Amino acid sequence: EKGDAASVQHVEEKLPRRIKRKRMRKDDDGNDLGWEEYFDYQFPDDQDAAAANLKILEMAAKWKQQQQEQDSDDDDDDDEMDE
C-alpha cells in the first residue's frame, strides 16, 4: 500500500457518493411505464457548484419579484394620471 492514512483519507473524501434515485418512465406517446430506479453519483466538488446555482436562482426570483412590483406600481401611476 502506498501513502499514509492522511493521504488515503484525503483521496477517499474526493470519491463520489452513489445515490439511488427513482424517476417516472414514459414511452414516446407520454404513457407512464412505471418507476425506474437508477444510480446517480454525487461528487463533493459538485456541491460547491450546486450552492452557486441555488444562489443564482434565488437572485433571479428576487429580481422577478421586483419587476412585478415595479409593473404594479407603474399601473397604479397610470390610473392616477387618467383622473
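This report walks through the fold, the charged contacts and the aromatic side chains of a predicted model.

A few ground rules come with it. Residues are numbered from 1 along each chain as its sequence is written, and side-chain values use heavy atoms, leaving out hydrogens and water. Since the model is predicted, local features need pLDDT of at least 70 and side-chain atom pairs count only at pLDDT 80 or more, while totals for chains, interfaces and linings use all residues.

**Layout**

The chain has two helices and two strands; these are DSSP runs numbered from the N terminus, with helices being H or I of at least four residues and strands being E of at least two. Going along the sequence, you get the pattern α-β-β-α. Of the 83 residues in the chain, 0% are buried, where buried means under 20% relative accessible area, exposed means over 50%, and partly exposed is in between (1.4 Å probe, protein chains only). The accessible surface of the chain is about 8,000 Å², with 47% of it belonging to carbon and sulfur atoms; such areas come from the Shrake-Rupley method with a 1.4 Å probe, and for residues only the protein chains shown count as cover. As for contacts (heavy atoms within 4.5 Å), take those with a separation of 6 or more: 24% of them are between residues 24 or more positions apart.

**Salt bridges across the strands**

How many salt bridges does a search of the whole structure find? The count is five, with a salt bridge being a side-chain nitrogen of Lys or Arg within 4 Å of a carboxyl oxygen of Asp or Glu. Among them are these:

| Pair | N to O distance |
|---|---|
| Arg21 and Asp40 | 3.5 Å |
| Arg23 and Glu36 | 3.0 Å |
| Arg25 and Glu36 | 4.0 Å |

Start with Arg21 and Asp40, which meet in a salt bridge. Arg21 sits in strand 1 (residues 17-26) and Asp40 in strand 2 (residues 32-42), so this pair ties together parts that are 19 residues apart in sequence. Both ends are partly exposed: Arg21 has 35% relative accessibility, and Asp40 has 31%.

Next up is the salt bridge of Arg23 with Glu36. That pair links distant parts of the chain, with Arg23 in strand 1 and Glu36 in strand 2, 13 residues apart. Arg23 is partly exposed at 39% relative accessibility, and Glu36 is partly exposed at 26%.

Glu36 also forms a salt bridge with Arg25. Here the link runs from Glu36 in strand 2 to Arg25 in strand 1, 11 residues apart. Through shared partners, salt bridges join Arg23, Arg25 and Glu36 into one network. Arg25 is partly exposed too, with a relative accessible area of 40%.

**Rings and a greasy patch**

Which rings have an arginine over the face? Arg18 lies over Phe39, at 3.9 Å from the ring centre, and Arg23 lies over Tyr38, at 3.8 Å from the ring centre. The criterion is NZ of Lys or CZ of Arg within 6 Å of the ring centre and within 35 degrees of the ring normal.

Phe39 turns up again in a nonpolar surface patch with Tyr41 and Phe43, with about 310 Å² of accessible area together. Patches are made of residues with over 30% relative accessible area and no salt bridge; like charges are joined within 9 Å, and nonpolar side chains (Val, Leu, Ile, Met, Phe, Trp, Tyr) within 5 Å. Phe43 is in the loop between strand 2 and helix 2 (44-82), and is partly exposed with a relative accessible area of 37%.
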